[in-house]
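Please look at the sequence and the 3D structure shown here. The text after them starts with one residue and then moves out to the whole chain.

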Amino acid sequence: MEQNPASEQNAEGNLWEDAWHAFTHPWRFSGCAARREFWGYVLFTACLAYGMELVWSVCQTAGLDAEMVPTVAGRILQALGAWVLLALLAAAVRRLHDTQHNGWWLLAPAVTTALGIYTGYLFEGTIKSVDGPNEMLCLLSCAAWFVTSLFCIYILVQLVMPSWHVPNGD
């Protein structure tokens with residue numbers, strides 16, 4: 001496969017413009033996102049979270065607590081958080097598309113974690129252990145965390161990989 005230089009942003013592009021583009025398009029799951037757009041948005045999100053934490057720390061040192069924050073401001077912050085997470089999910093899906101992977105790969109860690117939790121609850125009532133922890137439950141839990149970790153590592157590697165050109169039959 002050939003690397004596609006056109007899918008990576010040109011050198012005169014701006015990291016924050018790419019991040020802003022990802023922030024303003026949280027509903028667009030189709031298409032591709034270059035590494036700079038995705039990782040710029042991750043940096044933008046981290047700076048936003050750090051800034052909000054800094055404001056919260058200043059409010060706490062000034063004597064303000066959670067009860068003093070109006071309900072409207074709380075709802076606005078919740079909506080902003082949902083927007084940021086949806087935009088991050090959309091950017092990650094577009095980034096996976098750029099590396100020729102399906103965006104559904106992002107659900108793999110959640111599915112394996114849910115299956116691990118479900119089997120834990122399933123076996124919790126049926127297998128009783130007289131002395132010590134339940135070995136079967138521990139084994140299933142460790143297997144679920146191991147598979148989830150593998151999926152997370154695989155997805156992270158795909159998010160870091162360069163863009164690839166899909167041959168169009170020319």
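Find Gln158, which sits in helix α5, the element covering residues 135–160. The model is a predicted one. Is Gln158 buried or exposed? Its relative accessible area is 6%. Because buried means under 20% relative accessible area, Gln158 counts as buried.

Which residues does Gln158 touch, apart from its neighbours within four places in sequence? The contacts are Arg95, Leu96, Thr99 and His101. In the sequence numbering, these four can be found in the model and compared by eye with the position of Gln158 in helix α5.

The last step is the chain as a whole. How many helices and strands does the protein chain have? There are five helices and zero strands, and so the order of elements from the N terminus reads α-α-α-α-α. The chain has 170 residues, and 24% of them are buried; Gln158 is one of the buried residues.

Among contacts in the protein chain with a separation of 6 or more, 78% are between residues 24 or more positions apart.

Terms used: Residues numbered from 1 in each chain as written. Predicted model: local features only at pLDDT ≥ 70, side-chain atom pairs only at ≥ 80, totals over all residues. Heavy atoms only, no water. Helix = DSSP H or I, 4+ residues; strand = E, 2+ residues; numbered from the N terminus. Buried < 20%, exposed > 50% of the residue type's maximum accessible area, 1.4 Å probe, protein only. Contact = heavy atoms within 4.5 Å.
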